[in-house]
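Dear colleague,

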Amino acid sequence: MSDDEGKAQLPRSAGSGAVDAFIETARRVAVDASEDCGRLIFALDATMSRQPTWDLAQSIQTRMFDTAASLGGLRVQLVFFRGFGECRASHFVDGGQGLAALMARISCRGGQTQIEKVLRHTLDEAAGKRVGALVFVGDAMEENADRLCVLAGRLGLVGVKAFMFHEGGDATAGAVFREIARLSGGAYAAFDASAPRRLAELLAAAAAYAAGGRPALERRAGAGEEAARLLLAQMG
């Protein structure tokens, strides 16, 4: 994961006219999401408090592959951080069984969030081959928000939308997750681990976008799927 920041300079005042102009520019230059969009980066916070949600995500991640099966398939890379500076990425797998096996070998450990590494890694992957979407699942943010927003803007410029799925009610995390989603052209959604169906539907909607682009998500929304409508309503 590289350490070169600042290639896309974003104003610090979120919501300003300058930021809006930047986002509009990113929308214009973003490549067509329907082109080779079958790769998804599935990033999770694996710090100590996350074990219940990790187990939940492991049990429902197959929904992503099931959703994408009729859309040409989906390859998913697992990215996670935990402990003291540990942030790892798997190879891309093309089936839920393979991803479940990877997740089963990983346990959550105490540590701080490393979302910046996740965003930098996604940029590095996208530089080599198109990435359809980044899905991040977490409950906290303990980093420099401005640095994360710069990287989110860079994701938007290369056409990688970040879908930020937030568990719990941490207001700081929620605000930053929303900004990352907005600046990348993606979407934010909150969920409660006690209602796993909500997260499963969000993952399926993001997978549909990664595999089939916006038209696939629009079809799901047209069929009455709430998660698809929620993501579409925010996407740039």
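How many bridges join strand E5 to E6, and do the two run parallel or antiparallel? Strand E5 (residues 161-167) and E6 are joined by 5 bridges and run parallel; two strands pair if DSSP finds at least two bridges between them. From E5 the chain crosses through helix H7 (residues 171-184) to E6, a right-handed β-α-β crossover (with the strands pointing away from the viewer, the path from the first strand over the helix to the second runs clockwise). Helices (H or I, at least four residues) and strands (E, at least two) are DSSP runs, numbered from the N terminus. Phe163 stands opposite Ala187 in E6. Of the 5 residues of E6 (residues 187-191), 4 are buried (under 20% relative accessible area; exposed is over 50%, partly exposed in between; 1.4 Å probe, protein chains only).

This is a predicted model: local features need pLDDT of at least 70 and side-chain atom pairs pLDDT 80 or more, while totals for chains, interfaces and linings use all residues. Residues are numbered from 1 along each chain as its sequence is written, and side-chain values use heavy atoms, without hydrogens and water.

There are 12 salt bridges (a side-chain nitrogen of Lys or Arg within 4 Å of a carboxyl oxygen of Asp or Glu). One of them joins Arg147 to Glu116 at 2.8 Å. Arg147 lies in helix H6 (residues 145-157) and Glu116 in helix H5, so this pair ties together parts 31 residues apart in sequence. Glu86 and Arg88 also form a salt bridge, at 2.6 Å, N to O, and a network of salt bridges links Arg82, Glu86, Arg88 and Arg109.

Regards
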